[in-house]
Amino acid sequence: MPKPVSGFSKKNKEEKIDWLLSNYLSHLPEAKNTLKKYWNADSELQKLHDDFIENTLSNYYLPFSIAPNFLINNTLYAIPMVIEESSVVAAASNAAKFWLDKGGFSAEVISTQKNGQIHINYYGDTKSLKNFFNEIKPLLIHAVDNIAENMKKRGGGLLDIELLDASQTLEGYYQLHCTFETLDAMGANFINSCLETIAKTFETEARKHSEFKYEVYPEVVMSILSNYVPECLVRAKVSCPVTQLSQGKIDGKTFAEKFVRAVNIAKSETRRAVTHNKGIMNGIDAVILATGNDFRAVEAGVHAYAAKNGYYSSLTHATIEDETFNFWIEIPLALGTVGGLTSLHPLVKLAFEILQKPNAKQLMQLVAVAGLAQNFAAIRSLVTTGIQKGHMKMHLMNILNQLGATEEEKRKTVQHFKDTTVSHTAVVNYLENIRNS
Ligand code: MEV
């Protein structure tokens, strides 16, 4: 039975591994070797990774890949993607190639405002709180002068503070809703530092203000940025005459109609909408990871946006108008091209070089395109061949690796399944056959 440990973070890496081994992995003597196998031989690089988080034991690899041929606003990109799922990069590349000779993708940033809240408890007269807020608002804005100096010089900073009365929803609940422009930074640290400073000034001023009688003061519960950023929006789009959409035996118009129907199903049905949007996030998360951005923040915000009308719905939209097929995505994205991992992780730095050093607005466009392309590829397969044909083909190598196939066995199996449907059982049977013959 493992025992609680104190001072664990102070142990060195070897000691931490030994503790883990004796407490949880005593049945796995090779575990230490497995962890060490992933240490980087370059000790400086290893130290860099060790310092990203606490209690690091090893590194956890994911493939770093690129999807080429993305024509976006008339510039050709190869998009770096970090993801474990077979077929995501192949799907992105296919979609990019498909749209390459049809004008490519267009993308535009609609807005770039971020926000954060100071959550307040107050059980007194609302009028008094409003009077107090209106009086001290300039003071609250100036409270962040020091923190915001650099950001302001570059054209960003704190934009506004509003007092919101949410006491109808939750008794005694008010909010200082603060808006920010953080330019090329995702801005989490900047926003949170501003919020905490504003909150402190707010409470200090409240304590000495004559509006609040009988010690009924507003109290700050917490101050934190919001990962819901519906005022930081990007749109990406493709369009072409339906005649250009034919798929094998399916003519362009029929394909376009099936496609639009598939999107409309995702717009009206939650179970399908979730899977539809998951496919979109395959593309989005892969670029977010490659560029060292915060995929949890993006996921949370994007899914909230998918439910902005009170029910969960598709993030993409499709129409046919005057024989033209239009397909677009609109999503909120708070991204950074400076700060955080962007200047630390060597592969993230490389990803930015591959993307021709985008600023945050350009990165928003690239990420939205990756999501749209992924969704196009998924729906295209779903309404034509079905998803498994392509997916299992890409998954074949994983199955072969699981089964310990040799290079020669892999070559033969890949050849065999060129025109045959891949399934786990079919691969097991085929491998058994060639091993026995
Ligand atoms: C699989 O990772 C993603 C899909 O399920 C997306 C979709 O159904 O649209 C193929």
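Helix α9 (residues 270-290) packs against helix α10 (residues 295-306) at an angle of about 150°, the axes lying 10 Å apart. The model is predicted, with local features requiring pLDDT of at least 70 and side-chain atom pairs counting only at pLDDT 80 or more, while totals for chains, interfaces and linings use all residues. Residues are numbered from 1 along each chain as its sequence is written, and side-chain values use heavy atoms, with hydrogens and water left out. α9 and α10 are therefore roughly antiparallel to each other (an angle over 145 degrees). The contact (heavy atoms within 4.5 Å) involves Asn277, Met281, Ile284, Asp285, Ile288 and Leu289 of α9 and Phe295, Val298, Glu299, Val302, His303 and Ala306 of α10. These residues comprise eight nonpolar, two polar and two charged.

α9 also packs against helix α12 (residues 360-382), where the axes come within 8 Å and cross at roughly 135°. On the α9 side, the residues are Arg272, His276, Gly279, Ile280, Asn282, Gly283, Ile284, Val287 and Ile288, which meet Val367, Ala370, Gly371, Gln374, Asn375, Ile379 and Leu382 in α12. The residues of this contact divide into eight nonpolar, seven polar and one charged.

Ser226 is located in the loop between β7 (219-225) and β8 (233-241). With 17% relative accessibility, Ser226 counts as buried (under 20% relative accessible area, 1.4 Å probe, protein chains only). A polar atom of the Ser226 side chain lies 3.0 Å from the backbone nitrogen of Tyr228. Neighbours within four places in sequence aside, Ser226 is in contact with Asn115, Gly116 and Gln117.

Technical notes. Axes fitted to C-alpha atoms, helices over the stretch in contact; angles between N-to-C directions. Helix = DSSP H or I, 4+ residues; strand = E, 2+ residues; numbered from the N terminus. Parallel < 35°, antiparallel > 145°, perpendicular 65-115°, else oblique. Nonpolar A, V, L, I, M, F, W, Y, C, P; charged D, E, K, R; others polar. Buried < 20%, exposed > 50% of the residue type's maximum accessible area, 1.4 Å probe, protein only. Polar contact = N/O pair within 3.5 Å; in protein donor to acceptor, adjacent residues only side chain to side chain.
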